[in-house]
Amino acid sequence: MTTILFTVAAFGLCLWAANRSLRQGILALLSVGYVYGILRANFPDTYTYLTFDAAVMGVYLGQLWLPLSSEQRRHVHDLRLWLVVLIGWPTLLFFLFPTDSPLVELVGLRANVFLLPFLFLGAKLTNDDLYWLAVRLAVLNLGAVALGVAEFIIGIEPFFPMNEVTDIIYRSRDLVGWTAHRIPSSFSSAHAFAGTMVIALPLLVGAWAQTEPSDRLHRHLLGAAIAASLLGVFMAAARVHMITATVLVAIVTFSGHLKAGQWVRWVLALGLVAYVVAGQERLQRFTTLQDTDFIAERWTGSVNEGFIEAIRAYPLGNGLAGGGTSVPYFLRATQSPLVMENEYARIGIELGLPGLTLWIVFLLWTFVRWPGGAKDGWALGRFVGWVACGVFFLTGLTGVGLLSSVPQTTIMLMTMGWFVTSPHSKRAVERHAPFVPMPRRDLVVPAAELHAPPDATH
């Protein structure tokens, strides 16, 4: 009964917030997503798994039915077409090729379709919405890192009981000679924690870079959240996200978008994070990247050699959730044993060669839209978001879960929708601009006649 109340409360909260405004609906959803992992661990029940899904449905019902202005329709025209295609193909497979495991198929449909409309919602966010969300996201990140620090000091056991749900957390005990766990904070895994901290950086950095001297409280809050988020990535000890965070830090440092005073504060904050990391062996898992033999073995294991054979055997897919989508423990007995630790292999096996082709073309369309042309206050944040999402999809070659991580995927898709419809693409706006006829020369009345007396022309 308690878990049903969680689900109903999440749906009601997000529906109420989304009816008020898009940014409030997204904030409510992220708040649910930030506690979803620890909630699911302590209440391992079927309905707990549906808590975040119910929250997403609340946002959709509160926002997707709202009409768009003519300008918004022009900006999102191409993106809406892509959404129809990316959602339509998996849905078609779901109905055309039913299996003996409909619940597993539903889980696969969720992983391939359910969160994609956040591309559209991200495109609807205004600059004011982005700043408002960044300040609230800073509070969420500070809270998540504070919980992570508590787990770092006293252990994860008081927060995550051992059960089927937390098995992956307790198996991630590979720090300091296999004696310490990676830190999950309030998320379902350490990878979800680190990924969320990283994908939040574009909004945090973009808002921090444009704070005025009068916004001292916001500047300090955003700055503290940026430093804490970077520290959280090292506590989670997820090497892929460490690499992504390092790339983003280098871009912000040498982008030239920061003023002199901001640049000094930025470098000082990085120095503080580096000092803390250097003093704790548990924060230094990234040093294993020096082992080239290990990296080669890891890469070979992820970029699976059997992928081509699987595509040949299942050209139209092995069924949704039949290639690596995470399935709840109570449904794993009916899941296909064909699993590959590679997001593109997963897409290819589940959606077939047509689905994989659609995704590759969509990603090319997305990332060739360079956001550097827009020179507004969000130029840095938009550029960092473009790089972050690009690196995420590149590192999808070495793991799965990129399209189903809570709440990382939600923020990532919103960021993509934001930068792909930014004002830099004038050609796309002109292509869908309404036709305005030019006045005919023979119908233009000379100015002298407009001001002449009534009988002046007779």
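Reader: How are α16 and α18 oriented to each other?
Author: Their axes cross at roughly 55° and come within 10 Å, so α16 and α18 are oblique to each other. Oblique is what remains once angles under 35 degrees (roughly parallel), over 145 (roughly antiparallel) and 65 to 115 (roughly perpendicular) are taken out. Axes are lines fitted to C-alpha atoms, for helices over the stretch in contact, with angles from 0 to 180 degrees between N-to-C directions.

Reader: What kind of model is this, and how are residues numbered?
Author: It is a predicted model, with residues numbered from 1 along each chain as its sequence is written. Local features need pLDDT of at least 70 and side-chain atom pairs 80 or more, while totals for chains, interfaces and linings use all residues; side-chain values use heavy atoms, without hydrogens or water.

Reader: Which residues form the aromatic cluster?
Author: Trp82, Trp359, Phe362, Trp365, Phe367, Phe383, Trp386, Phe393 and Phe419. Phe362, Trp365, Phe367 and Phe419 also belong to the α16 and α18 contact.

Reader: How many aromatic pairs does the whole structure have?
Author: A search finds 18. One of them, Phe187 with Phe193, is stacked, at 5.6 Å centre to centre and 15° between planes. Rings of Phe, Tyr and Trp (its six-membered ring) pair if their centres lie within 6.5 Å; planes under 30 degrees apart are stacked, over 60 edge-to-face, the rest tilted.

Reader: Are Phe187 and Phe193 buried or exposed?
Author: Buried. Phe187 has a relative accessible area of 0%, and Phe193 is at 0% too. The cut-offs are under 20% for buried, over 50% for exposed and partly exposed in between, with a 1.4 Å probe and protein chains only.

Reader: Why is the Trp378 and Trp418 pair edge-to-face?
Author: The planes of Trp378 and Trp418 stand at 90°, with centres 5.6 Å apart, so the pair is edge-to-face. Trp378 sits in the loop between α16 (343-367) and α17 (379-394), Trp418 in α18 (residues 408-420), 40 residues apart. Trp378 is buried at 2% and Trp418 at 7%.

Reader: What sits over the Phe152 ring?
Author: The charged end of Arg282, 4.0 Å from the ring centre. The test wants NZ of Lys or CZ of Arg within 6 Å of the centre and within 35 degrees of the ring normal.

Reader: Where is Phe392, and what does it touch?
Author: Phe392 is in helix α17 and buried at 2%. Leaving out residues up to four places away in sequence, Phe392 touches Gly195, Val198, Ile199, His241, Thr244, Leu402, Gln408 and Met412. Its C-alpha lies 7.7 Å from that of Leu402, ten residues apart in sequence.

Reader: How many helices and strands overall?
Author: 20 helices and zero strands. These are DSSP runs numbered from the N terminus: helices are H or I, at least four residues; strands are E, at least two. Of the 458 residues, 52% count as buried.

How values were computed
Contact = heavy atoms within 4.5 Å.
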